[in-house]
Amino acid sequence: MPMLPPRSAAVLAALCLYPASVLAASLDPLELPVVLTATRLKQPPAEVPGSMTVLDRQLIRASGARSIPELLRLVPGMHIGYRRGNQINVNYHGTNVTEARRLQVLVDGRSVYRPGLATVDWAELALAIEDIDHIVVFRGPNTAAYGANALMGVVNIVTRLPLAEHGTTLKYTGGDRGVRDWYASHSGGSLLHGWRLSLSGQQDDGFDHDDSGSDYRDSLRASRFNLRHAWQLSPRQSLDWQLAASEASRQSYYEFGTYFNHRKGNSPLDQAITAHAPDADIRGRDFSTLGLWKLDLDAEHQVQVQAYAQHTERLRDWRICDSPVAFTPALRQLNALSQLAARRVRSYLELPAPALGMDDYIHTYMGLEGQTYTPRMQELAHQVRDLVAQHRDSQPVCGDINENIRENRYHIEIQDALRLTPQLRLLSGASYRYDRVSSDSYFSGTLDNHVSQLFGNLEYRPHERWLFQAGGMYEHEKLVGDSFSPRLAGHLFLAPQHSLRLVYAEAVRSPDMYENHANWRYRLRNVSGPLTGPLTHYAWAQGPGDLQQERMRSREIGYNGHFHQLGIRLDVRAFHERITGMNSQPLKVDNFQPNNASQIRFKGVETELDWQLSATDRLRLTHARIDFDATSKYDQRLTARHSGSAAWLRLWPGEISTSLMYYGADQLNEHRFERLDTRIEKRLRLGPDNSLALALTWQYRLDDEPLTWPENLHDSRSHLYLSAELNF
Amino acid sequence: MQPLRLSAIALLWLLSSCAWADIVLVIKPRETQLTLAFVDALQQRRPADTLLVRLLGEQPEPGAATLVITMGLEALEWRLQQASTVPTIATFITLDQLTPQYHAGHPPFVQVLLASAKPERQLILAQLLIPRLHSVGLLHSDQQQWQRSLWQTAAQRRKLKLQARSVADQQDLLRHLTSLLDDSEVLIGLDDPQVYNAANLKPLLLSAYNRNRVLIGPSAPFIAAGSLSTTYSSAQDMADSLEEILQDDWRPGAVRYPTHFSVLSNPQVARSLGLPPPRDAELRQRIHAEEQASP
């Protein structure tokens with residue numbers, strides 16, 4: 001049988017679905033492409049195998065938020081912690097206050113989760129909030145679809161299609177706390193190929209002062225470039241490609257872990273080292289490019305290939321000073337034998353009036369940790385003690401160090417969506433990823449990783465009341481090994497848009513390159529002071545190389561419903577999640593002991609209600625109640641027992657829109673957080689296609705608490721900023 | 001109009017309405033599934049008549065026929081070239097094929113039965129599918145500017161706000177579409193091949209659905225391609241509507257919408273956009289009831 005040309009195949013497929021008389025309703029049947037094929041259409045919320053929150057453009061705009069983490073407070077169960085004004089942690093269900101290793105974050109399908117250091121640098125994202133169309137947050141493990149690291153959830157940020165807008169936008173936002181943001185974009189093209197170029201900048205002063213009243217040096221300045229081109233190659237093929245770049249500078253204090261705490265002493269050496277504290281700002285640069293090609297083979301079969309490459313660099317170099325003892329072979333050797341022994345020598349020598357002899361003291365403490373104080377350690381400890389006395393009045397050793405790190409990622413993925421029968425749909429695919437990290441300080445050179453994935457999801461709808469989904473991902477990582485993450489979900493439809501779901505999922509997180517393979521030490525350049533030996537600081541941390549993946553088992557029962565006539569959408573999720581083999585250790589260069597010893601269990605309920613009361617009013621409520629039980633104290637910091645948000649959006653006559661939003665969490669790192677945000681916007685029509693929008697955002701803290709950490713303080717509870725946006 | 005000519009048509013019409021069998025000439029441009037289904041439906045409704053079905057290529061003349069039914073624009077144009085004043089009903093004409101002058105200026109022996117969806121029906125359908133609908137968007141080319149008033153009137157009757165954009169140049173289509181999607185809740189398609197064609201449809205629909213705006217219409221073939229829903233008239237609906245015209249008094253030069261219609265929706269699109277699954281038969285009945293309530 002001769003092969004039909006693809007277009008006829010598409011028409012034939014359509015013919016199978018619709019009665020012939022319908023297609024022939026005009027005398028010259030139009031050969032229309034089947035645009036929204038069954039496989040391409042997005043899954044409705046009531047059919048998703050899990051819980052999903054969508055922050056749409058209206059909500060994003062109404063929030064007035066200047067950063068994505070601020071927006072994510074609208075997601076039930078999402079906990080936001082500020083390390084500094086320019087360093088933010090976003091953790092679903094909280095846990096650790098300084099690390100955010102368990103959430104996958106994608107921008108148009110490109111992972112911005114850093115391979116080397118397992119974190120997301122929200123401040124440096126090459127993305128302007130104005131370019132975002134919507135954010136989809138999948139709450140709960142989703143390794144089955146997105147691979148390791150999608151352990152707690154997935155945040156997928158979707159930027160606006162160039163098709164969705166046209167013309168030029170100029171926007172400036174200014175306000176207190178040093179807010180100076182700008183955005184400029186131009187979109188052009190035709191229906192068949194549209195493009196958008198956007199340039200943007202962001203700047204603020206971060207927190208005003210710390211808990212001692214001193215100025216806080218934590219400002220952020222970032223600029224970004226984005227180009228996106230969406231091209232409809234033919235009715236069945238499209239190509240979408242993007243370029244993004246960002247450059248950011250984050251203020252930071254002098255940070256260096258000297259061997260001794262010289263603040264406690266008052267010798268000339270102590271004074272010289274304490275007095276040396278130059279700032280150590282962090283500069284970041286990100287570049288990425290992404291291409292997505294989609295092909296509709298027919299109405300029931302679609303293939304897509306996505307590839308991206310990205311480069312991330314964080315540069316931080318500054319000059320440090322430490323005691324000459326910290327560079328001696330004796331201390332270096334002792335630290336290499338046992339970091340604990342080296343720390344105990346120090347704490348012994350800092351004791352004002354030791355009751356025990358040094359060896360007894362170290363022996364006791366090492367015994368408590370199950371370690372042995374060997375004769376060789378004893379010999380080295382004595383040498384260190386003698387060196388301390390010898391160098392008491394010496395000059396410090398000073399030199400330039402850096403924490404520069406460069407990461408590259410290349411990823412290609414092919415995905416195939418196929419409707420086998422009206423009841424059966426299969427999504428399958430494969431991907432390959434190459435990660436490479438270079439850092440003299442963290443890795444003593446370069447390290448790479450290869451990750452291959454095979455994934456699939458089968459959707460079976462035997463009856464209009466029932467839907468079953470089974471999915472899984474097999475992954476092979478060069479540095480970690482193999483894993484398989486399955487997921488099973490069943491939906492019972494009470495009515496067409498109302499479903500009860502049961503979901504069971506297993507997920508994994510691979511240890512990142514730093515946890516498992518760090519080779520961390522500081523080499524000095526431009527050295528001054530009494531140093532004769534190698535120009536390397538004593539502190540050295542090495543990853544164990546044999547860390548296992550963290551494993552999660554999650555059970556969920558949920559309801560999702562859409563009351564169409566009333567305009568109400570409701571989602572309720574009750575969950576029980578358990579992560580085992582967790583690495584919760586703080587990783588410091590003088591105390592680097594990652595392990596798989598921790599566990600955590602969560603249970604709770606999350607609710608989300610979105611109610612379009614009328615054409616002009618929208619009400620949205622979220623709440624999360626989480627009970628947890630963590631074996632590591634570090635995982636007990638950022639989880640609020642109750643947290644949530646309430647929003648009221650209204651359109652008034654005269655193109656005025658207002659919003660009122662409340663955010664609350666009973667405790668984030670032991671601090672309450674409650675804030676009320678209001679925004680009012682007035683749009684002025686300057687011509688048929690020109691408008692000016694003026695908006696005032698006012699955020700007001702309802703409590704007196706610092707934000708996450710005691711030193712994160714503002715002068716005033718109130719924060720105001722004004723923006724002007726011109727469209728033409 | 002010459003009184004003599006008018007009375008001749010009236011006489012012919014009177015004769016044809018009488019009990020004895022007619023000779024009906026059906027002129028079709030080519031043989032398609034639609035023409036087959038339509039002729040079949042006609043035959044079923046007029047078993048006593050003699051149907052002479054001729055292809056346009058055969059250059060058929062009315063001859064002894066008492067009624068001529070043309071299908072499509074080409075057949076109508078052929079018919080208009082002839083001197084005969086035999087009553088003629090032109091079927092399967094879409095609005096974009098009628099210029100404003102044409103719209104008003106048919107000879108008295110012709111009545112037009114449109115294949116285009118009736119604007120008010122499309123708007124009722126949109127109101128049934130999207131509760132609390134307030135504003136609808138209409139995107140058309142400059143050539144179809146005249147159709148706007150039809151939609152304006154229908155929108156007024158349905159108490160809807162009509163936002164319309166006229167596209168002079170294809171290059172401006174995207175700009176107008178984006179501004180229209182900003183200002184309206186539903187996009188209403190109309191018969192306008194400059195805008196609603198195979199090449200534009202995909203980006204147009206993706207753009208609309210990207211903003212959670214559905215497309216209603218313009219016609220049945222667009223539903224399989226991804227439009228949400230439309231009213232349309234099948235071959236049977238057309239035959240029924242034609243039958244009503246024949247029962248009615250002759251209205252010289254009238255352009256009419258079919259009185260009989262069906263509803264067709266794309267359940268997958270509805271599901272994906274979070275709308276309840278449309279029940280076409282029920283929608284049809286409700287539209288019909290609305291039409292009866294406010295004729």
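Biologist: Is the crossing of α5(B) and α12(B) left-handed or right-handed?
Modeller: The model is a predicted one. In it, α5(B) and α12(B) cross in a right-handed way.

Biologist: At what angle do helix α5 and helix α12 of chain B pack?
Modeller: Helix α5 (residues 119-129) and helix α12 (residues 280-293) of chain B pack at an angle of about 120°, and their axes are 10 Å apart. That angle makes α5(B) oblique to α12(B).

Biologist: And which residues of α5(B) and α12(B) meet there?
Modeller: From α5(B) come Arg121(B), Ile124(B), Leu125(B) and Leu128(B), which meet Leu283(B), Arg286(B), Ile287(B) and Glu290(B) of α12(B). By class, this contact has five nonpolar, no polar and three charged residues.

Biologist: What about α5(B) and helix α6 of chain B: how far apart are their axes?
Modeller: The axes of α5(B) and α6(B), the latter covering residues 148-157, are 8 Å apart, with a packing angle of about 45°. The two helices are therefore oblique to each other. The crossing of α5(B) with α6(B) is right-handed.

Biologist: Which residues make the contact of α5(B) with α6(B)?
Modeller: On the α5(B) side they are Pro119(B), Glu120(B) and Leu123(B), and on the α6(B) side Leu150(B), Trp151(B), Ala154(B), Ala155(B) and Arg157(B). The class count for this contact is six nonpolar, no polar and two charged residues.

Biologist: Let us change topic. How many residues of chain A are in contact with chain B?
Modeller: In chain A, 45 residues are in contact with 51 residues of chain B. Two elements of chain A, α1 (6-17) and α2 (20-23), each give two or more residues to the side that touches chain B. The largest share, four residues, comes from α2(A).

Biologist: How many nonpolar, polar and charged residues has that side of chain A?
Modeller: The side of chain A that touches chain B has 28 nonpolar, 13 polar and four charged residues.

Biologist: Now the strands. What is the order of the open sheet of five strands in chain A?
Modeller: The order is β1-β6-β7-β4-β5, and the pairing is mixed. At the edges are β1 (51-55) and β5 (110-111) of chain A, each of which pairs on one side only. Within the sheet, β6 (residues 132-139) and β7 (residues 153-159) of chain A are antiparallel over seven bridges. Val137(A) stands opposite Val155(A) of β7(A).

Biologist: Which strands pair with β26(A)?
Modeller: One of them is β22 (residues 498-509) of chain A, joined antiparallel to β26(A) by twelve bridges. There, Ser554(A) in β26(A) is the bridge partner of Ala505(A). Another is β27 (residues 568-582) of chain A, antiparallel to β26(A) over 13 bridges. In β27(A), Val572(A) is the bridge partner of Tyr559(A).

Biologist: How many residues lie between β26(A) and β27(A) in their hairpin?
Modeller: Four residues lie between them, and Gly567(A) in the turn has a positive phi of about 75°.

Biologist: Which residues are on the covered face of β26(A), and which on the uncovered one?
Modeller: The covered face includes Met552(A), Ser554(A) and Gly558(A), while the uncovered face includes Arg553(A), Ile557(A) and Tyr559(A). As a general point, side chains in a regular strand alternate between the two faces of the sheet.

Definitions and conventions. Residues numbered from 1 in each chain as written. Chains lettered and ligands numbered in written order. Predicted model: local features only at pLDDT ≥ 70, side-chain atom pairs only at ≥ 80, totals over all residues. Contact = placed C-beta atoms within 7 Å. Nonpolar A, V, L, I, M, F, W, Y, C, P; charged D, E, K, R; others polar. Pairing = 2+ DSSP bridges. Axes fitted to C-alpha atoms, helices over the stretch in contact; angles between N-to-C directions. Parallel < 35°, antiparallel > 145°, perpendicular 65-115°, else oblique. Left-handed = near helix turned anticlockwise from the far one by under 90°. Buried ≥ 20, exposed ≤ 12 C-beta atoms within 10 Å, placed from the backbone.
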